[in-house]
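Have a look at the model first.

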Amino acid sequence: MALAEPHGDEEALLQRVAQAVSVFRIQFWTAVLLFIGSSAGASSAAAATMRCRINQQAWSPCRMVAARPGERWVLIWKQRRVEFVHDGTGQMRMRVGQAENWREVEPFWTADHSLCWGAVCATGAIPLE
């Protein structure tokens with residue numbers, strides 16, 4: 001009888017651990033699926049309706065990812081990544097690639113309805129808010 005009790009306690013402990021692991025896995029994969037679903041829906045719509053370019057190169061499909069809309073965002077296309085920071089006082093900085101230095105830019109609209117920041121331009125359904 002003495003051997004059955006520790007075995008029963010051990011078995012109960014293993015069941016609790018297995019249940020905790022199962023709950024964690026469910027929560028983890030639910031969070032992953034929600035994240036993928038929300039980012040895939042937003043990015044595919046933006047990628048399908050926006051195009052970007054640098055220095056008059058050919059337009060390419062791109063997407064905008066906003067960490068804080070109006071304050072910090074990134075344009076991503078092909079192997080390019082252009083980051084933007086707006087401090088709310090009218091000062092806007094941009095860097096092309098993570099190894100580059102930040103530089104001040106002035107946004108402007110072109111005759112073909114593209115929004116540009118220095119040599120970087122975007123056209124299409126640009127989310128401005």
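Two strands pair if DSSP finds at least two bridges between them. Strands here are DSSP runs of E of at least two residues, helices are H or I runs of at least four, and both are numbered from the N terminus.

This is a predicted model, where local features need pLDDT of at least 70, side-chain atom pairs count only at pLDDT 80 or more, and totals for chains, interfaces and linings use all residues. Residues are numbered from 1 along each chain as its sequence is written, and side-chain values use heavy atoms, with hydrogens and water left out.

So what's in the chain?

Five of the strands make an open sheet in the order S2-S1-S10-S9-S8, with antiparallel pairing. S2 and S8 sit at its edges with a single partner strand each, so one side of each has no neighbour in the sheet. S1 pairs with S2 through two antiparallel bridges, and Cys52 stands opposite Ser60 in S2.

| Strand | Residues |
|---|---|
| S1 | residues 50–54 |
| S2 | residues 60–61 |
| S3 | residues 63–68 |
| S8 | residues 107–109 |

Now for Arg63, which is in strand S3. Arg63 counts as partly exposed because its relative accessibility is 32%. Arg63 and Ala122 are 59 residues apart in sequence, with their C-alpha atoms 9.6 Å apart in space.

Terms used: Buried means under 20% relative accessible area, exposed over 50%, partly exposed in between (1.4 Å probe, protein chains only).
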